[in-house]
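This report covers salt bridges, the sheet and selected surface features. The structure is shown first, and the text follows.

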Amino acid sequence: AREGMVLLRNEGGVLPLQGNTVLNCFGIGQHQYRITPTGASIINPRWKPTFMEAVADHSDFTVNGELAEFYQNGMAGAPDREMLALAKARSETAIIFITRHSGEMQDNRPIKGQYYLSDNERDMIAAVSKAFGKTVAILNTGYPIDMRWTEEFCISSIICTGFAGMLSAYALVEMLDGRTNPSAKLPDTWPWDYHDNIASRNQPTLGEGEKTPGDADLGVRICYEENIFVGYRYFDT
């Protein structure tokens, strides 16, 4: 887990955070921190620390309890001005969680809430980046997502955790406080937009409840128009 997370940005030396910092955490990802995809590659460890448990058991940080309670509601977006002001009075640093599940044939479509930000996520990021001078984005996702928002809004640091397994949350707090020096690199190319990937025009992007095209017994026929120029080969050429 320590060697698998990627530091994508760290402007102004925001990371590592000082000890005893109050973490103002935004987003449902602080409660739904994912260590594994679903489907055939799922892991079910006998025990795993949540992000909140990792902060309490494995760091000198504390968590803003008011924000943590607010984001127990998975549909919560941006807090009101009063909650943001109270949070900023506790700490100048905001941590934004963007999380995505991942499973076979059911994720990463070019829609809001999957490849693109949901409306609630976008409202949250806009409000938080305006209120705080130091923002750290945690990408808890197993696949590339739209990253244009990191340029549109003021995002100081970005960590991509991937799905790092049982002790992932411990490794994340070690990265936040500097005990672990991030050394990993991305194993794949993240296109600026979904449709920058040449394969996108031949991939089925089904909506909710839409029937899979083609013969149900044979699955979907996909034309690999790009031939051998798949993934990095296309972007490199």
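## Salt bridges, sheet and surface

Arg9, Glu11 and Glu151 are linked in a network of salt bridges, a salt bridge being a side-chain nitrogen of Lys or Arg within 4 Å of a carboxyl oxygen of Asp or Glu. The model is predicted: local features need pLDDT of at least 70, side-chain atom pairs count only at pLDDT 80 or more, and totals for chains, interfaces and linings use all residues. Residues are numbered from 1 along each chain as its sequence is written, and side-chain values use heavy atoms, with hydrogens and water left out.

A search of the whole structure finds ten salt bridges. Three of the pairs are listed here.

| Pair | N to O distance |
|---|---|
| Arg2 and Glu174 | 2.7 Å |
| Glu11 and Arg9 | 3.9 Å |
| Glu121 and Arg100 | 2.8 Å |

Buried means under 20% relative accessible area, exposed means over 50%, and partly exposed lies in between (1.4 Å probe, protein chains only).

The salt bridge of Arg2 and Glu174 links distant parts of the chain: Arg2 is in the segment before β1 and Glu174 is in helix α6 (residues 168-177), 172 residues apart. Helices (H or I, at least four residues) and strands (E, at least two) are DSSP runs, numbered from the N terminus. Glu174 counts as buried because its relative accessibility is 5%.

The salt bridge between Glu121 and Arg100 also joins distant parts of the chain, with Glu121 in helix α4 (residues 119-131) and Arg100 in the loop between β4 (93-99) and α4, 21 residues apart. Both Glu121 and Arg100 are buried.

The strands come next. Six of them form an open sheet in the order β1-β6-β5-β4-β2-β3, with mixed pairing. Its edge strands are β1 (6-10) and β3 (62-63), each of which pairs on one side only. Two strands count as paired if DSSP finds at least two bridges between them. Strands of a sheet pair through backbone hydrogen bonds, either parallel or antiparallel.

Strand β2 (residues 22-26) runs parallel to β3 and is joined to β3 by two bridges. Here Val22 stands opposite Thr62 in β3. β4 and β5 also run parallel, joined by seven bridges, and Phe97 faces Ile138 of β5 across this pairing. On β5 (residues 134-140), six of the seven residues are buried, and the strand is mostly covered. β5 pairs with strand β6 (residues 157-160) in the parallel sense over four bridges; Leu139 has Cys160 in β6 as its bridge partner.

Ile43 lies in the loop between β2 and α1 (51-58). With a relative accessible area of 37%, Ile43 is partly exposed. Between Ile43 and Gly165 there are 7.7 Å in space, C-alpha to C-alpha, although the two are 122 residues apart in sequence.

Glu82 is placed in helix α3 (residues 81-90), and Glu82 counts as exposed because its relative accessibility is 57%.
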